[in-house]
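Hi there,

Here is the structure I promised to pass on. Have a look at it first, and my notes follow below.

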Amino acid sequence: MQWWCAAQGIPWSWSWRPYPGVWLFIGLLCLAYRRFTRDSRPTRQEFARFAAGTLVLWVALDWPVGALGSGYLASVHMVQFLLIALLAPPLLIAGLPRAALERAGAGAVAPFLAFLTRPLVALLLFQTIVVATHWPGVVDGLMSSQAGSLGLDMAWLGGGLTFWWPVVSPVPHRPRFPFGVRICYLIASTVLMTLPYIFLTFAELPFYATYELAPPVGALSAGEDQRLAGLIMRIGGGAILWTASGVLFWLWYRSDREAT
């Protein structure tokens, strides 16, 4: 029995497989949320956002998405990236009560949190993680083991939380990072993510031995699967970031209306 999804090199089967490590991680995440919010009861909206983020993570990590993405299809691996790094983090952060965030922001981790979530630092760190975790040597080296696959997933999640924190969280307060600048921050990220999209979509040969040598699933060749992965990154990632920009623009418009 595998405790975390990783490349196995055996023919794919649609028979359900248990991954206890994923269940344990989701359980610990829920326990951490309960402890973090025990002195500041979250609203129904906040609880629903955190629950949605947790559900997105569970779908991305568990069978069948986690298993397919870990050792069979690069396109599903890219879907995992979008779910873990771009979709789940803003939901998780938006599910944290402001009072709990303010207490955490006043604690011993406040200086580190303030530095790590500076917009420029967060943007560069996230983009570095994106490029590094899609580099062929890194993917092939990590996906062959459960610990490596876990490390890759946690790098995506940690990078995503860092990236989204200055956009979503009110703590620490950043008066120089208003709605307009946040929108530019997200647009800049769509531009920077063009690099991995280009080398995945327009490469003549497959980059990843993990997926090139994997037992086939469906009719896609390794090259077609890789090109599909690049398109998913470009279209799916752009859709998430541009939707978030639209939400910020609406909030900006509403705040201006209320101020007048």
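Serine 245 has a relative accessibility of 5%, so it counts as buried, the cut-off being under 20%. One caveat before going on: this is a predicted model. Serine 245 sits in helix H13, which covers residues 222-259. Which residues does serine 245 touch, once its neighbours within four places in sequence are left aside? The contacts are Ile183, Leu186 and Ile187.

Now for the rest of the fold.

On overall dimensions, the C-alpha trace spans about 60 × 40 × 30 Å along its principal axes. The radius of gyration is 19 Å, which agrees with the value near 18 Å that a compact globule would have with 260 residues.

Finally, the surface and the charges. The protein exposes about 13,200 Å², with carbon and sulfur atoms supplying 69% of that area. There are 17 positive and 12 negative charges, and their mean positions lie 14 Å apart.

Enjoy exploring it!

Best wishes

Conventions:
Residues are numbered from 1 along each chain as its sequence is written. This is a predicted model: local features need pLDDT of at least 70, side-chain atom pairs count only at pLDDT 80 or more; totals for chains, interfaces and linings use all residues. Side-chain values use heavy atoms; hydrogens and water are left out. The radius of gyration is taken over C-alpha atoms; the globule rule is 2.2 Å times the number of residues to the power 0.38. Accessible areas come from the Shrake-Rupley method with a 1.4 Å probe; for residues, only the protein chains shown count as cover. Lys and Arg count as positive and Asp and Glu as negative; His and the chain ends are not counted. The place of a charge is taken as NZ of Lys, CZ of Arg, CG of Asp or CD of Glu. Helices (H or I, at least four residues) and strands (E, at least two) are DSSP runs, numbered from the N terminus. Buried means under 20% relative accessible area, exposed over 50%, partly exposed in between (1.4 Å probe, protein chains only). Contact means heavy atoms within 4.5 Å.
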